[in-house]
Each structure stands twice: as structure tokens, then as C-alpha cells.
Amino acid sequence: MSVAFHHKLLHASVIRERVHVPRGRVYCLAATTTKPRPDLAELAVEPRLPTAPGPLISPDCPVLNDPSLKSSWGHRAWLACGCTAVLVALAKSMVASSESHVWAEPVLAGAVGYVLADLGSGVYHWGIDNYGDASTPVFGAQIEAFQGHHKWPWTITRREAANNLHALARAVAFVVGPIDFICNDPTILGFVAVCSGCIMFSQQFHSWAHSTKSKLPPPVVALQDLGLLVSRSQHAAHHRAPYNNNYCIVSGVWNEFLDDRKVFEVLEMVLFFKFGLRPRSWSEPSSEWTEDVEEGLVSS
């Protein structure tokens, strides 16, 4: 065997040893997990239709067809009773004056009743605006209603007449009715008829003070311009901060006198130092008193 051939065999043997890889099993040490396929139905996004934004109103804001603004048969019955009591007093006064030929005293008494009715409406309005709440006995419902009126003052113009007047008409029926039966004096009856009638219809005069001039009957506008009924401009001042003036709502003839002399402010001081009663007008106006714009009155 030649030397060259011997070297070839040796070289081939070395190559076989270098490239030889022993066979065996390969184990994967990394743990693997299998994720479940997602449910396409759960991933589906339901289409959302565009919606118009709702009106920016308070949750308790009245709506145009709110039943609380409508008159019930009970309201109409009480208004009829109140009107009957006033008309009976007026009729008896006129008949007695005609029989006795005395007219000056009953007419003068009627004028005094008209003036005092305006003063009475202011005192009453001041009281329920500043004291008590919905839980106050007897007056609670009216206190709550008047505070709601400061929030949504325009609703009084949407309130039907009997609904607006029945509470005062009921009081008039109970007070004036017995007077009609026991009294025959024309002067007293003249005073009672005019004073109670103005008090009963003060809420209607109040409603007219919130109406626009174009929507009022011409005679009502004329009476407002003459100062015989509370004017729109005068009462509008009551619904502006600090909400402590122009309380009278029959003719408003007492408003300037009472406000200039700070009569109600003096009464508030007396009640505070004597009984510790703090009026609402001393506090900063809250959202309960801040007027919402009329657009808040929406249809449901």
C-alpha cells in the first residue's frame, strides 16, 4: 500500500469523526399554552344612532302639559264659592245703600278695602317668601309654591285661573260667607266685598304682571298703566336680586312706601332678635331662587 493511499484513508476517517452527530430526542423546556379563539359575536359592536342632546332643564321643571297647572272641578267649585261670597256682600251693600240713600260711606269703605288689600298682599307675600318651608302647617303648600314661582316665574301665566285662585277663594268663602249672613251694614259689606275680592284675585293680578303686554287684554294694560293694578315693570324688580322688595301684588301702591322706609327689614330684625328667625332674604340667592330661562318649559 502506497503512502499516498494511506494518507487518503486517514483523512477520510477524521472527517467522518468530525461530522458524526449522535442521534437523540430533543425536549422543549418552555411551557406552551393554547389560547381559545375569541367569540366573534361577543366582539361585535352594536351601532349607536346619533341622538340630539336633551334640554338643559332642572329635573323638577314644569312642562307645558303638567297636570299641576290645570284646573280641577274642585278648584272651580272653590272659586265659585269665593266669588259667590264676594258678590253677595257687594249686592247686599248696594241694596242697603240704595234703601238708605247713603252711598259715600260704602264707596269710601270700598276704596279703603282696595288699598288695604294691597298692603295685606305684600305682608303675606313677604312672610311666605322669607319664612317656613313645605312642612310648615297650613301655609306649607303655598310657601313651596311661591319658592317654585321664583325658580320658574313664567309658569304662573300657564296656570289655569281656577288652579291659580282656588286657595285664596276657599279662604274668602270661609271668612266672608258667615259675614254675608250676619251683617246688613252697607259700609261694612262694601269694605268686605272689595277687600276680599282684591285679595282673592290678587294671584290673577300677579299673573298679569308676568305676562307680556301683547298677550294682555287692553283694559288690563290700561289699569296697569294707571297704577290700579300692579305693573309688569314694578313686579319684575321683585324677581331680581336681592329679592327683598316690591312684595305687594294688588296695585303695588304700597311698594315704594314700604321699601323706602325699610319696613320689612325692620320687621325682619325684630323677628330675628326676638325669636331667632332668620329670613331667606339675608342669605345669598341659591339655585332654589335663581330664575331658569323660559326655554326650560318644555313639552313632554
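Helices here are DSSP runs of H or I with at least four residues, strands are runs of E with at least two, and both are numbered from the N terminus.

## Basis of the report

This is a predicted model, in which local features need pLDDT of at least 70, side-chain atom pairs count only at pLDDT 80 or more, and totals for chains, interfaces and linings use all residues. Residues are numbered from 1 along each chain as its sequence is written, and side-chain values use heavy atoms, with hydrogens and water left out.

## Overall fold

The chain has 13 helices and zero strands. Of its 300 residues, 34% count as buried, where buried means under 20% relative accessible area, exposed means over 50%, and partly exposed lies in between (1.4 Å probe, protein chains only).

Contacts are heavy atoms within 4.5 Å. Among contacts in the chain with a separation of 6 or more, 71% join residues 24 or more positions apart. The accessible surface of the chain is about 19,600 Å², and carbon and sulfur atoms hold 65% of that surface. Accessible areas come from the Shrake-Rupley method with a 1.4 Å probe; for residues, only the protein chains shown count as cover.

## Helix α8

Helix α8 covers residues 186-200, 15 residues in total. From its first C-alpha to its last it reaches 21 Å, close to the 21 Å expected at 1.5 Å a residue; the expected span is 1.5 Å times one less than the number of residues.

The buried residues of α8 include Leu 189, Val 192, Cys 195, Cys 198 and Met 200. The buried residues of α8 pack against α3, α4 (104-130), α7 (161-182) and α9 (202-210). At the start of α8, a side-chain oxygen of Asp 185 comes to within 2.8 Å of the backbone nitrogen of Thr 187. This is a polar contact, that is, a pair of N or O atoms within 3.5 Å; within protein, one must be able to donate a hydrogen and the other to accept it, and residues adjacent in sequence count only if both atoms are side-chain atoms.

## Helix α5

The twelve residues of helix α5 (residues 140-151) should span 16 Å at 1.5 Å a residue, and the 17 Å between its end C-alpha atoms agrees. Buried positions in α5 include Ile 143, Phe 146, His 149 and His 150. Their cover includes α4, α6 (155-158), α9 and α11 (232-236).

## Two buried polar residues

Ser 211 sits in the loop between α9 and α10 (218-226). Its relative accessibility is 16%, so Ser 211 counts as buried. A polar atom of the Ser 211 side chain lies 3.2 Å from the backbone oxygen of Ser 207. Leaving aside neighbours within four places in sequence, Ser 211 is in contact with Thr 157, Leu 216 and Arg 232.

Asn 255 belongs to helix α12 (residues 255-260). At 2% relative accessibility, Asn 255 is buried. Its side chain reaches the backbone nitrogen of Tyr 247 at 3.1 Å. Beyond neighbours within four places in sequence, Asn 255 is in contact with Gln 234, Asn 246, Tyr 247 and Cys 248.

## A nonpolar surface patch

Leu 87, Leu 90, Met 94, Trp 103 and Val 107 make a nonpolar surface patch of about 510 Å². Patches are made of residues with over 30% relative accessible area and no salt bridge; like charges are joined within 9 Å, and nonpolar side chains (Val, Leu, Ile, Met, Phe, Trp, Tyr) within 5 Å. A salt bridge is a side-chain nitrogen of Lys or Arg within 4 Å of a carboxyl oxygen of Asp or Glu.

Helix α3 (residues 73-100) gives the largest share of the patch, three residues. Leu 90 lies in α3 and is partly exposed, with a relative accessible area of 34%.
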